[in-house]
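This briefing goes through a structure chain by chain and then looks at what the chains share. Please keep the sequence and the 3D view open while reading.

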Amino acid sequence: MSSSPKNIFTLGPITPAFIAESIAKHQTKTSIGAHDLFLGQVRADVKDGHAVEAIHYTANEELALNICQEIREEAFQKFQITCLHIHHSLGEVKTGEICFFVFVSSPHRKASFDACEWLVNEIKEKCPIWGEEKTAEKSFWKENHG
Amino acid sequence: MHSLIFYGKLTTLCPAAASIPTQRSVADLRTTLMNTFPVLNNEPFLLATAGKMLQADDSLIGNEDISIMPPFSGG
């Protein structure tokens, strides 16, 4: 039976301090020999001649947490990993700031590399989260392309 | 009745709050939604209720709140 879903959402950007603290917390887990981190950063794409200044994220939160829990459980079955952590922003994240943080740890590096890539792809494909890109002039609904 | 909640791009194309008569299946639901909101004929959408995705062959018990969601764009 599935355990209750863990929250993945952070209001606003995921800060470098939070990421550093997440890494530091693993120093006591001495069976770990490898970490792999993915950091998604808001990019200043140009839309209709204007640079994106921020992305505003919304989600179907209950569904997203349930789906992330299923993805998390599948990851532990597929890969020899020790722990994994998923964080995604809601609300406004400015260009250059971090909106998506996946952190995987394992005894050996290959499992972390493989699991982290798989998790990022699964979350982007299956989690009901939407980004609305904001320029100085107007908004554009973000589309994911692979 | 089913209360409808639109997400993402669909919030700008459909009413903020809406409802439709009770449907017996997801297939019926999709048809009714596309008849009620013609824009959905041109926009791909997924359906969910109570924190779970609805599949094409699912039945409905009636009165569920329905989430209507465009393709996801997180990350």
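This is a predicted model: local features need pLDDT of at least 70, side-chain atom pairs count only at pLDDT 80 or more; totals for chains, interfaces and linings use all residues.

Residues are numbered from 1 along each chain as its sequence is written, and chains are lettered from A and ligands numbered from 1 in the order in which they are written. The model scores ipTM 0.95 and pTM 0.95.

**Confidence in chain B**

- The average pLDDT of chain B is 95, and 100% of its residues score at least 70; pLDDT is the predictor's confidence in each residue, from 0 to 100.
- Among the elements of chain B, the highest mean pLDDT, 98, belongs to β3(B), and the lowest, 94, to β2(B).

**Chain A: overall build**

- Chain A contains 3 helices and 9 strands; helices (H or I, at least four residues) and strands (E, at least two) are DSSP runs numbered from the N terminus.
- Read from the N terminus, the order of elements in chain A is β-α-β-β-β-β-α-β-β-α-β-β.
- Chain A has a radius of gyration of 16 Å, close to the 15 Å that the globule rule gives for 146 residues, so it is as compact as a globular protein of that length. The radius is taken over C-alpha atoms, and the rule is 2.2 Å times the number of residues to the power 0.38.
- The C-alpha trace of chain A spans about 50 × 30 × 25 Å along its principal axes.
- Buried residues make up 32% of the 146 residues of chain A. A residue is buried if 20 or more other C-beta atoms lie within 10 Å of its own, exposed if 12 or fewer, and partly exposed in between, with C-beta atoms placed from the backbone.
- Of the contacts in chain A between residues at least 6 apart in sequence, 79% join residues at least 24 apart. Two residues are in contact if their C-beta atoms, placed from the backbone, lie within 7 Å.

**Chain A: strand pairing**

- Strands β5 (residues 54–59) and β8 (residues 129–134) of chain A are antiparallel partners over 6 bridges; two strands pair if DSSP finds at least two bridges between them.
- In β8(A), A:Trp130 is the residue opposite A:Thr58.
- β8(A) is also joined by 3 bridges to strand β9 (residues 139–141) of chain A, again running antiparallel.
- A:Glu133 faces A:Phe140 in β9(A), and a hairpin of 4 residues links β8(A) to β9(A).

**Chain B: sheet**

- Chain B has an open sheet of 5 strands in the order β2-β1-β5-β3-β4, with mixed pairing.
- β2 (18–20) and β4 of chain B stand at the edges with a single partner strand each, so one side of each is left without a neighbour in the sheet.
- β3(B) pairs antiparallel with strand β5 (residues 66–69) of chain B over 3 bridges, where B:Leu47 has B:Ile68 as its bridge partner.

**Positive phi values**

- Most residues other than glycine have a negative phi.
- A:Asp48 has a positive phi of about 50° and sits in the loop between β3 (46–47) and β4 (50–51) of chain A. A:Asp48 is exposed, with 8 other C-beta atoms within 10 Å.
- B:Ala50 has a positive phi of about 50° and lies in the turn of the hairpin formed by β3(B) and β4(B), which has 2 residues between the strands. B:Ala50 is exposed, with 12 other C-beta atoms within 10 Å.

**Nonpolar core**

- The largest nonpolar core has 46 residues, and those with the most contacts inside it are A:Leu84, A:Val102, A:Val104, A:Ala115, A:Leu119 and B:Ile68. Such a core is a set of buried Ala, Val, Leu, Ile, Met, Phe, Trp, Tyr and Cys residues joined through C-beta atoms within 7 Å.
- Strand β7 (residues 98–106) of chain A supplies the largest share of this core, 6 residues.
- Leaving out residues up to four places away in sequence, A:Val102 touches A:Phe38, A:Ile86, A:Cys116, A:Leu119 and A:Val120.

**Interface**

- Contacts between the chains involve 12 residues of chain B and 20 residues of chain A.
- On the side of chain B that touches chain A, 4 residues are nonpolar, 6 polar and 2 charged. Ala, Val, Leu, Ile, Met, Phe, Trp, Tyr, Cys and Pro count as nonpolar, Asp, Glu, Lys and Arg as charged, and the others, Gly among them, as polar.
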